[in-house]
Amino acid sequence: MASSIVSIVNISQWVGQAVKIQGWVTRHRSSGKVQFLMMRDGSGELQAIVSKSTVGEEVFEQAAHLTQESSLVVTGIPRADSRAPGGYELDVTELHVIQIAQDYPIQPKDHGTGFLMDHRHLWLRSRRQTAILKIRHEIIKRCRAFFDERGFTLVDTPIFTPNACEGTTTLFQTQYFEEIAYLAQSGQLYGEAAAMALGKIYCFGPTFRAEKSKTRRHLMEFWMVEPEVAFAELADVMGLAEEFLVVIVQGVLETRRTELAILERDVSNLEAIVAPFPRLSYEDAVAMLRAKGATIEPGGDFGSEDETVLSQAFDRPVIVHRYPAAIKAFYMQPDPLNANLALCMDILAPEGYGEIIGGGQRIHDYDLLLTKLREHGLSEEAFQWYLELRKYGSVPHAGFGMGIERAVAWICGVDHVRETIPFPRMLYRLYP
Ligand code: 4AD
Ligand code: MG
């Protein structure tokens with residue numbers, strides 16, 4: 001009878017029945033007449049037992065040459081074994097070697113990060129990296145589900161754009177036939193147009209920033225999910241973002257315990273992520289930082305260290321709102337109580353992770369937006385379409401953006417964003 005091809009993750013359903021496993025060798029040891037093959041297939045790991053008496057001399061000899069990362073298909077019968085990692089073992093009846101890997105460069109020892117990053121295409125195969133990728137996938141799926149279930153329409157925004165969204169100093173410029181184009185820093189401006197068409201939208205795509213920052217939080221290319229809501233104000237999107245983060249974290253806890261355990265994530269820190277989140281005005285945040293000895297001047301932007309300190313002060317994300325307009329983007333709605341402040345917010349993840357969400361309320365008045373564009377020295381021509389949104393049924397609206405890699409770093413408890421995206425683009429790293 002032909003045996004079914006089975007994923008290791010489902011092995012418990014196949015105990016006692018002949019199955020085929022397709023995968024790679026992670027470890028191999030031998031004790032005379034028995035060989036122990038640790039196999040991975042992308043879904044999990046399983047120990048396969050090859051004994052000479054079952055498979056015969058020839059196959060046993062072939063198996064003896066299997067090295068780390070060699071590829072193979074084995075047929076066998078799974079059996080429960082409480083001592084086995086994962087709780088099951090496979091008694092091999094047939095074994096087919098596909099390719100013998102030679103000198104796999106990543107050995108089960110400590111390599112430096114530079115070496116691992118140079119071999120990122122192979123490093124992805126490790127238990128730790130596959131666990132992170134699975135959690136990343138889970139987070140992305142749950143981001144989409146969150147907005148889909150609440151009546152948002154997904155709108156894809158362009159990557160080639162004629163104008164800046166988040167300041168002109170971090171633009172990647174490229175030739176677009178006879179014109180200059182910039183890679184999108186954010187889909188927000190287009191999201192605003194779409195919100196006037198559909199009411200509630202989100203965009204979700206890659207974004208690009210030529211940031212000369214070599215920190216554990218910065219990538220040149222990262223993914224951002226950005227909801228935008230017509231008729232919403234600052235308080236509405238603070239509440240939306242709060243609910244969003246709670247639902248995402250709870251979702252990962254629901255389905256990704258195994259991966260969190262591989263990463264040795266302290267899940268009690270994630271279980272503490274419940275509403276309400278503390279809300280802190282920028283002014284209070286500065287006072288708090290200064291009381292803790294930080295040198296930030298009132299009106300100044302938070303440095304990386306300031307964010308770390310603020311985010312260590314709470315056991316859940318903290319919402320910092322109403323920053324000085326002078327240090328924020330041109331499109332932010334001024335606070336009616338103090339025009340020097342912007343109706344904006346950042347959400348800082350706990351445990352020192354810092355900003356994961358930025359957003360707020362957008363200017364909906366034509367004349368005010370024009371004034372701000374001019375103050376920021378931006379081209380009125382390039383923003384003509386964006387200004388026009390304020391001419392036809394303009395309404396208050398608000399939204400936010402969450403950087404996926406920063407959220408993944410926080411939820412996984414990994415300390416650098418370079419491990420949270422398959423192939424990170426960083427300052428001085430474009431390879432592989
Ligand atoms: O705070 P930012 O710049 O806000 C915006 O882009 C708004 N247009 C979003 C909106 O309101 N629709 O970026 C939003 C988030 C940050 O909080 C951070 O999580 C992430 O994007 N981010 C980065 N992640 C990795 N590397 C970088 N260089 C990042 N820059 C921003
Ligand atoms: Mg920001």
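Ligand 1 in this predicted model is surrounded by 23 residues, with Glu166, Gln188, Glu211, Glu226 and Glu355 the closest of them; a residue makes the list if one of its heavy atoms lies within 4 Å of the ligand. Sorted by class, this shell splits into 7 nonpolar, 8 polar and 8 charged residues. The sorting counts Ala, Val, Leu, Ile, Met, Phe, Trp, Tyr, Cys and Pro as nonpolar, Asp, Glu, Lys and Arg as charged, and the others, Gly among them, as polar.

Some polar contacts (pairs of N or O atoms within 3.5 Å) can be picked out around the ligand. A polar side-chain atom of Glu211 sits 2.6 Å from a nitrogen atom of ligand 1. Arg209 puts a polar side-chain atom 2.8 Å from an oxygen atom of ligand 1. With Gly403 it is the backbone that takes part: one of its polar backbone atoms is 3.1 Å from an oxygen atom of ligand 1. On its own the ligand would expose 630 Å², and the protein buries 94% of that, with areas worked out by the Shrake-Rupley method and a 1.4 Å probe.

The space that ligand 1 takes up is the largest pocket. A pocket here is an open set of points on a 1 Å grid over the protein atoms alone, with protein on both sides within 12 Å along at least five of seven lines, and a molecule sits in one if more than half of its atoms lie within 2 Å of the grid points. Strand 12 (221-230), strand 18 (354-362) and strand 19 (397-403) are the elements that give two or more residues to the shell around ligand 1. Strand 18 gives the most, with 6 residues.

Of the 432 residues in the chain, 49% are buried, where buried means under 20% relative accessible area, exposed means over 50%, and partly exposed is in between (1.4 Å probe, protein chains only).

The peptide bond from Ala275 to Pro276 is cis, with omega near 0 degrees, and Pro276 falls in the loop between helix 9 (267-271) and strand 13 (279-281). Tyr431 and Pro432 are also joined by a cis peptide bond, this time with omega about -5 degrees; Pro432 belongs to the segment after helix 14. Tyr428 is in the segment after helix 14 (404-412) as well. Though not a glycine, Tyr428 has a positive phi, near 65 degrees, and it counts as exposed because its relative accessible area is 72%. Arg322, another non-glycine, has a positive phi of about 60 degrees. Arg322 lies in the loop between strand 14 (318-321) and strand 15 (334-335) and is partly exposed at 26% relative accessibility.

As for conventions, residues are numbered from 1 along each chain as its sequence is written, while chains are lettered from A and ligands numbered from 1 in the order in which they are written. Because the model is predicted, local features need pLDDT of at least 70 and side-chain atom pairs count only at pLDDT 80 or more, whereas totals for chains, interfaces and linings use all residues; side-chain values use heavy atoms, with hydrogens and water left out.

Conventions
Polar contact = N/O pair within 3.5 Å; in protein donor to acceptor, adjacent residues only side chain to side chain. 1 Å grid on protein atoms, 1.4 Å probe; cavity = no way out; pocket = protein on both sides within 12 Å on 5 of 7 lines; lining within 4 Å. Helix = DSSP H or I, 4+ residues; strand = E, 2+ residues; numbered from the N terminus.
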